Amino acid sequence: MPTFRLETHDGQHDTIEANRLDITDDQVVFLQRREADWRAVATAELTDVRRVERRFTEADGRRRYVPDKNVAAALQSAGCLQ
């Protein structure tokens, strides 16, 4: 399952396992598929978010985190980047 790392402006880091994320007008929502539905497993206020990164596993087994471009764009358009 995809893993995301959420960093807030107060320096908190949370690791969240979710199939996907959605961005609403004021929130980042992490979703998992359960039965025939998508259910939120975590949410964060867009104004509290500094960045969201997605974890990738390289062919040699190393893991790295890459910033999610959609979240970065939403933060920039909402004027939330510092």
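Mentor: Residues are numbered from 1 along each chain as its sequence is written. In this predicted model, local features need pLDDT of at least 70, side-chain atom pairs count only at pLDDT 80 or more, totals for chains, interfaces and linings use all residues, and side-chain values use heavy atoms, with hydrogens and water left out.

Trainee: Which pattern does the protein follow along the sequence?
Mentor: Helices (H or I, at least four residues) and strands (E, at least two) are DSSP runs, numbered from the N terminus. The protein has one helix and seven strands. Read in order along the sequence, these give the pattern β-β-β-β-β-β-β-α.

Trainee: Is glutamate 7 buried or exposed?
Mentor: A residue is buried when its relative accessible area is under 20%, exposed when it is over 50%, and partly exposed in between, using a 1.4 Å probe and protein chains only. Glutamate 7 has a relative accessible area of 9%, so this residue is buried.

Trainee: What is the distance between the closest N and O atoms of arginine 51 and glutamate 7?
Mentor: A salt bridge is a side-chain nitrogen of Lys or Arg within 4 Å of a carboxyl oxygen of Asp or Glu. Arginine 51 and glutamate 7 form such a pair, and the distance between their closest N and O atoms is 2.9 Å. The pair links distant parts of the chain, with arginine 51 in strand 6 (residues 49-57) and glutamate 7 in strand 1 (residues 3-8). The distance asked for is 2.9 Å.

Trainee: How many salt bridges does the count come to?
Mentor: Another of them joins glutamate 53 to arginine 51, with the closest N and O atoms 3.9 Å apart. By the rule given above, the count comes to seven.
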